[in-house]
Amino acid sequence: MKFVYFSLITVSLAFFLHILFVYYLPNVAMLIAFHHMKYNNKVGTNTFFHSGIPTPRLRNVPKPDPNLFYSLCTYDVSKYPVRFTAPIPDTSWSISFYARNGSNFYATNDQTFGSKEFNLILTGKKNGDRFRKVTHKIIAPSDKGMAIIRSSIMNQKDPDKLVQLHKQVKCTPLNDQHV
Amino acid sequence: MMEIMITHIEIVFIALLLAMASAFVSMKYIEKRDRTYMGPWYIILPQVGDEKGMYTRTWYTLTALFGLKKDEQIYFVAETDHSGKPLISGNDYQIKGGGFECRWWNITVYGQDGYLLGNPENRYSFSNFDILKRNDIHYTIHLSSDKKDGNWLFSGKKGEKFSIMLRINHPTKDMVANPGGIVLPLIIKENGNA
């Protein structure tokens, strides 16, 4: 009887832990990415880090595309919304937003955005009602996550110019003065 | 008292082991279920944005962190040649194929750790913009440890496994709807005993 009792407790606990593991593993992977940004790249939240064109030594993104220039930003919309601005170059360009659990909840590119200047406000669920009149506004499913901009360097006559353009990207927290 | 404490520690320890083992097994199951093979190439279905359910999302995040949505990119991975044997550096391989109906595509080689392989040429991939073609259509990429003429990609130190990724960027709607219909390049072992 005692054996059955302990077995039931063990299996129940194992089931609970299994669900916890599977559910939170993506969050752990993202935490490692945040940690890498903060301590290896020495970049805080709401600041873009220009990872550049991947080489065997640059390891910010797994299985990187060596034909893309990457810029990454750990966003934090827990206190204030964040405005993302970027000039869109004449090449294949995209921006993707990833939630704390790694899901890609918003993505657009140079062909779908409809303007040569990317301008978007990302808000948290708490401050989602602000900026109602703004055209490009999305509510992030989690307060913290990652935004990644990718620009293709292929077929570029002047890659340095593209890199300079790419470095103009910004993510700016909009505090009460901006509202 | 001591006996009860030891029993509780044992329960927690066994439960932890069971939880980790079952999580690993379920991830392996999802991997097998969602990989669709087309010759040596496999595609992960569903692609980013389609993942439904806790298990698929977890497996996808762990294997393709920061992946792109399928309307932006479809990608195929090869870890074997056309005979089904693992791609091992030290052997010479040829990738033979044609182009794709898309904005741009590229073929990249990765080491066992999933990162680019350092080489004196600093070349890690070929794309439709820089690959040498015959008749403006067909191409051959040589994969080997030693430099070759033409389209050559370094495959790593001898004896190590490597993988190839084909990225089709901004594919057509038909390709997105039916990636199984895409004609993929052949990966043929030329020579070597690695």
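This is a predicted model: local features need pLDDT of at least 70, side-chain atom pairs count only at pLDDT 80 or more; totals for chains, interfaces and linings use all residues.
**Reading helix packing, sheets and cores**

Visitor: At what angle do α1 of chain A and α2 of chain B pack?

Guide: Helices (H or I, at least four residues) and strands (E, at least two) are DSSP runs, numbered from the N terminus. Axes are lines fitted to C-alpha atoms, for helices over the stretch in contact, and angles run from 0 to 180 degrees between N-to-C directions. Here α1 (residues 2–40) of chain A and α2 (residues 54–63) of chain B pack at about 25°, axes 8 Å apart. So α1(A) is roughly parallel to α2(B) (under 35 degrees; over 145 is roughly antiparallel, 65 to 115 roughly perpendicular, the rest oblique).

Visitor: Which residues of α1(A) and α2(B) meet?

Guide: Contact means C-beta atoms, placed from the backbone, within 7 Å. A:Val22, A:Tyr23 and A:Pro26 are among those on the α1(A) side. Those on the α2(B) side include B:Tyr55, B:Thr58 and B:Leu62.

Visitor: In what order do the strands of the open sheet in chain A run?

Guide: Strands pair if DSSP finds at least two bridges between them. Four strands of chain A line up as β7-β6-β3-β9, with mixed pairing. β7 (137–139) and β9 (170–173) stand at the edges with a single partner each, so one side of each lacks a neighbour in the sheet. The twist averages 25° from one strand to the next. β6 (residues 117–123) runs parallel to β7(A), joined by three bridges. A:Leu122 has A:Ile138 as its bridge partner in β7(A).

Visitor: Is β10(B) enclosed or open?

Guide: Buried means 20 or more other C-beta atoms within 10 Å of a residue's own; 12 or fewer is exposed, and in between is partly exposed, with C-beta atoms placed from the backbone. Seven of the nine residues of β10(B) are buried, so the strand is largely enclosed by the rest of the structure. β3(B) joins β10(B) antiparallel through six bridges. β5(B) also pairs antiparallel with β10(B), over eight bridges. B:Leu166 stands opposite B:Phe76 and opposite B:Ile107.

Visitor: Which residues have the most contacts inside the largest nonpolar core?

Guide: Such a core is a set of buried Ala, Val, Leu, Ile, Met, Phe, Trp, Tyr and Cys residues joined through C-beta atoms within 7 Å. The largest has 31 residues, and B:Val109, B:Ile141 and B:Leu166 have the most contacts inside it. Strands of chain B that each supply at least two of its residues include β5 (102–110) and β10 (163–171).

Note on methods. Residues are numbered from 1 along each chain as its sequence is written. Chains are lettered from A and ligands numbered from 1 in the order in which they are written. Two residues are in contact if their C-beta atoms, placed from the backbone, lie within 7 Å.
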